[in-house]
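Thanks for asking me to look this one over.

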Amino acid sequence: MDNGPDAERDAILAALKPVVEGIAATFGPVCDVVLHDYRTPEKSVVAVAGAVTGRQVGGAMSEIGLRVLARGGAASDELNYVTRTRDGTLVKSSTMVLRDSTGAVFGALCVNVDVGAVTRVHGLLGALAGLGAAPAEPPTTTFGNDIDSVVDALVDAHQSQQRGSWAELDRAERVELFDGLDTRGVFAVRGAVEQVAARLGISRASAYNYLSRARAAHDTPTGGST
């Protein structure tokens, strides 16, 4: 009988699958619940109930999951954060990290609630009461069922934060772009370096070089050479 870490993790996931259905049934059609197994980032969704984010069993983890994966053992629950899906749905979410008995992170239970209608009513009442400007626009999150769309969205988001296209970035900015992608867990995905290289129009060797420089920068004392 296999009593290793994978057997324990499989048992935890199996025990949580009925919980996924129960939470979604409690909140109704405005809620979806997604259970992730981070051992396979490209198809991490092992159970889903509800349709708010359009997730399907066998789908990939989202940008949020990649961020949790990148933090490893330092990851913590992210509760009651607001984001927006790419189709414009305003969603309040909670991501609860799953750990085995050794404390290793191996998955997450995510609850997403469509709060768009509530927000619109709140905004209307606020306008009628003269309560001032609407809150800041929440960030858009890619809840894709394939990992390629998630990686592409993250590359696009980081490029939009820079001053222009890849050709217009200096070396420090290019390293910063790769560092940002690495911090958000992009390169934990199999084949992501090649995908990012293709997206940026550079060679695979160049992509690996910039990723190496980004990681080395974290290990270099202040004032050291790069």
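1. Contact here means heavy atoms within 4.5 Å. Among contacts in the protein between residues at least 6 apart in sequence, 52% join residues at least 24 apart. Please keep in mind that this is a predicted model, where local features need pLDDT of at least 70 and side-chain atom pairs count only at pLDDT 80 or more, while totals for chains, interfaces and linings use all residues. Residues are numbered from 1 along each chain as its sequence is written, and side-chain values use heavy atoms, leaving out hydrogens and water.

2. On confidence, pLDDT is the predictor's own score for each residue, from 0 to 100. The average for the protein is 82, and 79% of the residues score at least 70. Strand S2 has the highest mean, 97, and strand S6 (residues 140–141) the lowest, 60. Over residues 221–226 the pLDDT falls below 50, and this stretch has two contacts in the model beyond near neighbours in sequence.

3. Now the overall layout. Helices (H or I, at least four residues) and strands (E, at least two) are DSSP runs numbered from the N terminus. The protein has seven helices and six strands, in the sequence order α-β-β-α-β-β-β-α-β-α-α-α-α. Of its 226 residues, 43% are buried, a word used for under 20% relative accessible area, with exposed for over 50% and partly exposed for in between (1.4 Å probe, protein chains only). The accessible surface (Shrake-Rupley method, 1.4 Å probe) comes to about 11900 Å², and 55% of this belongs to carbon and sulfur atoms.

4. Helix H1 deserves a look. After H1 comes Gly28, which has a positive phi, near 85°.

5. Which residues of H1 are buried? They are Arg9, Leu13, Leu16, Val20 and Ala24. These buried residues pack against strands S1 (31–37), S2 (45–49), S4 (90–99) and S5 (105–114).

6. Rings of Phe, Tyr and Trp (its six-membered ring) pair if their centres lie within 6.5 Å; planes under 30 degrees apart count as stacked, over 60 as edge-to-face and the rest as tilted. The count is four aromatic pairs. In one of them, Trp166 and Tyr210 have ring centres 5.2 Å apart and planes at 90°, so the pair is edge-to-face. Trp166 sits in the loop between helix H4 (147–161) and helix H5 (171–183), and Tyr210 in helix H7, 44 residues apart.

7. Phe178 and Tyr210 make a stacked pair, because their ring centres are 5.9 Å apart and their planes are at 20°. This pair links helix H5 to helix H7 across 32 residues, and both Phe178 and Tyr210 are buried. Trp166, Phe178, Phe187 and Tyr210 form one aromatic cluster.

8. Finally, Arg215 lies in helix H7 (residues 204–219). Arg215 is partly exposed, with a relative accessible area of 39%. Leaving aside neighbours within four places in sequence, Arg215 contacts Asp182 and Phe187. Arg215 and Asp179 are 36 residues apart in sequence but 7.0 Å apart in space, C-alpha to C-alpha.
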